[in-house]
Amino acid sequence: MKGITLKIDGEEVKAREGMTVLKAAQNAHIRIPTLCYHKKLEPYGGCRLCMVEVESRGSAPRLVVSCLYPAQNNIIVRTRSPKVDRVRKTVLELLLAHAPNSFELKELGKEYGADESRTGQEPSFCIHCGLCVRYCAEVKKKDAIGFVDRGIHKEIGFVPEIASKECGKCKECFPLCPTEALQAAYIFVEALAFPGQGH
Amino acid sequence: MCSHQDLETVRQEILSKRDSKKPCISICTGTGCLASGAGEVMAAFTAEIESQGLKADVDAKGTGCPGFCEKGPIVVIYPEEICYLEVKPEDVAEIVSQTVKENKVIERLLYVDSATGEKAIHESDIPFYKNQERTIIGNNIKIDSKSIDDYIAFGGYTGLAKALLKMTPEEVLDEVKKSNLRGRGGGGFPTGRKWEEARHAAGDIKYVIVNADEGDPGAFMDRAVLEGNPHSVLEGLTIGAYAVGSHEGFLYVRNEYPLAIENVLIAIEKAEEYGLLGKNILGSGFDFSVKVHRGAGAFVCGESSALMTALEGKAGEPRPKYVHTVVKGVWDRPSVLNNVETWANVPPIIEKGSDWFTRYGTEKSKGTKIFSLVGKITNTGLVEVPMGITLNDIIYKIGGGIPDGKKFKAVQTGGPSGGCIPERLLDLQVGFDELTKAGSMMGSGGMIVLDEDTCMVDVARYFLEFLTDESCGKCVPCREGIRQMLKILTKITKGKGKPGDIELLQELAEVASEAALCALGRSAANPFLSTLQYFRDEYEAHINEKRCPALACKELINYYIEPEKCKACTTCARKCPADAIIGGKNLIHMVDQDKCTKCGTCFEVCPDRFAAVTKLSGVPVPANLSEDQRVIVREVREAKAS
């Protein structure tokens, strides 16, 4: 494996080929906030919170998602900049409109100065990070939960036939959810489709 | 067929069986004309030819779309090329007995120039066609879209034969690079460079793909090409495959295009039968096959990585990868994706050479481009124009201007990701970079003309509403950003906008364009940004004065009857569905604003000679008149009575 050296926030960081910028930063204990990232899962690139600024070979800095962007030799990464912070602030404002009580979001919101009163509140709780869906598919290989519909109508949904058999004994996705919308969805489907069987 | 000679022999055979003097009736059976009754017209022709015993002497065929959809169904009678518009089944007997048999022109079916009153007999005399350069769709009306023989008779597959038998893949690649052909799907990426990257990418298995997932509102360029001339797309795809080193192709077509799917499946079957697809094409040793994949109705699948994900059988969501799809695309293999029109441009480039292609165009945009010209335009339809033509020429010379004496306001190009171009920029030359510079984009070729009655805030709202449904919903700046933008825009059109809304919209737009995952999200704010750039005053009027300058936003207008103009004809009172007209015999009518649902019926039915109903916006409605003030004294009648 070829060694790579890149600069993150002024600090020289070593990485291996195939590693993402996020991973390289995590290894060097440099914090980049994430919502849809999970170390056991394929990177998703959905929440856009982990965006950082990258400069390579003298080109103008550009925004990339660090959970997907491959670490390369000699690139300069900035995990904070006015641009990065603005994106994170807006993303958090947009998400707080859905999940105003999420502890994780509130903490991040405070850090980036998110003002949730700017966006029209529309609590639906799920922020579509897909952790539950992807964990069930990639780690558990059960596909008991999936996304339904698209655009603003996109929702998570349990497949009752699978969920009634698999979920009661597993529930490993529950702690992954940053908003607890997942548990609500589960209780809802259990009550409607297989009351009392999910345990 | 297993050699170039074979192809020529087949072509000569087809041609020798044809008599160029034999009358041939071409009936457009593209989707547009079918919707206006071309199926019945076609059936009537078949029956009429049969009943007049002319089956051996006259040909009749269903063809692809020649573009003039406004005047469909279109019938062209060869060899004279007499063009009849808006043909109905009851005209058919006359056409056969008069035009086909007697060579007489039926005046009432000809094109009439509404400005000059001049009639045009031949297709090429119609101003709509005269100013076009139809290298791609020009043959549509001549070719039976279900017949490979017809395509071959008109020179089809010559380009493929030349590429496979006389050129190396590198030479084909060079020719396409020299032509400067750029992606017609909207991105404008140089096609040759895309092919080259895929050719040099590692891996034995490579794919070439046709993007026929056309989904922009009001756009139907690709549908017309695929329906009307499917072989031209297959030929281009095969040439591309040869240049890239691919042996397997996909045609991703939206399932909402049943006729395109039908015609392309027939075309593939026939091409395989003729040895123009499959193993050892034309004896060249080159193998290539094509599979048709039907889309499941997601606009976002027009985006390249989403389309490729869908091809793999997964939900059509864009993939956020920093490796290009030409290197790692479908199943992580090098994949070249080009849109229908791009592929259809390839055969003539190879056949006639890149110099022929670069005759047209601006410095950086060469060739022709098909646009679907729709909206508030006299000649709705499909137009193919040389790059570099001005918007003015498209809208006025080809499109015939704005109907009903209305004023032009803007032209929306590039679909939901594009933008609006105002009147003062109408001299703009059409080209990829030129349109982008003006804040819009070429896109795949949608061109929606807007007149003075169109509210620009509402236009932005409309496109964002479209995108809230069509976003895949994966990334936050797109899914949530568009949702919030739509909310704010809707409020503004309802008169509930507040200071600061524009700035918030701009901020959301900026984050979407910088941080969204795919091209759809990154360009989603364009309809807002370009309308703001050129029509900021309209946004401000909505927010600050609660006024819609175009008098289009329902919540911001009131219907009002001008007392001095009302003649108490009672028409509006009788037609009002909400019973909101305070009428009465010989009494000036008034709108009861509390009951009015703003349906606009009174405005429409008030006789033009009175034109008493007006729309008010941003001003208070004058108080109702008292009963005495409303009495209309009919002078003439009074005089008679005394």
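Me: Glad to start; what should I know about the model and its numbering?
Reply: Residues are numbered from 1 along each chain as its sequence is written, while chains are lettered from A and ligands numbered from 1 in the order in which they are written. Side-chain values use heavy atoms, with hydrogens and water left out, and this is a predicted model, where local features need pLDDT of at least 70, side-chain atom pairs count only at pLDDT 80 or more, and totals for chains, interfaces and linings use all residues.

Me: What area do chain B and chain A bury between them?
Reply: Contact means heavy atoms within 4.5 Å, and 30 residues of chain B are in contact with 34 residues of chain A. Buried area is the accessible area (1.4 Å probe) that two parts lose on being put together, summed over both. Of that area, 54% is on carbon and sulfur atoms, and the value for chain B and chain A is about 2,900 Å².

Me: How many salt bridges are there between chain B and chain A?
Reply: A salt bridge needs a side-chain nitrogen of Lys or Arg within 4 Å of a carboxyl oxygen of Asp or Glu. Glu514(B) and Lys83(A) form one, at 3.8 Å from N to O. The count between chain B and chain A is 8.

Me: Which element gives the largest share of the side of chain B that touches chain A?
Reply: Helices (H or I, at least four residues) and strands (E, at least two) are DSSP runs, numbered from the N terminus. On this side of chain B, the elements that give two or more residues are α18 (456-470), α19 (476-493) and α20 (501-515). The largest share, 8 residues, comes from α19(B).

Me: Is Ser26(B) buried or exposed?
Reply: Ser26(B) is found in strand β1 (residues 24-28) of chain B, and a polar atom of its side chain lies 2.8 Å from the backbone oxygen of Ile141(B). Buried means under 20% relative accessible area, exposed over 50%, and partly exposed in between (1.4 Å probe, protein chains only). At 0% relative accessibility, Ser26(B) is buried.

How values were computed
A polar contact is a pair of N or O atoms within 3.5 Å; within protein, one must be able to donate a hydrogen and the other to accept it, and residues adjacent in sequence count only if both atoms are side-chain atoms.
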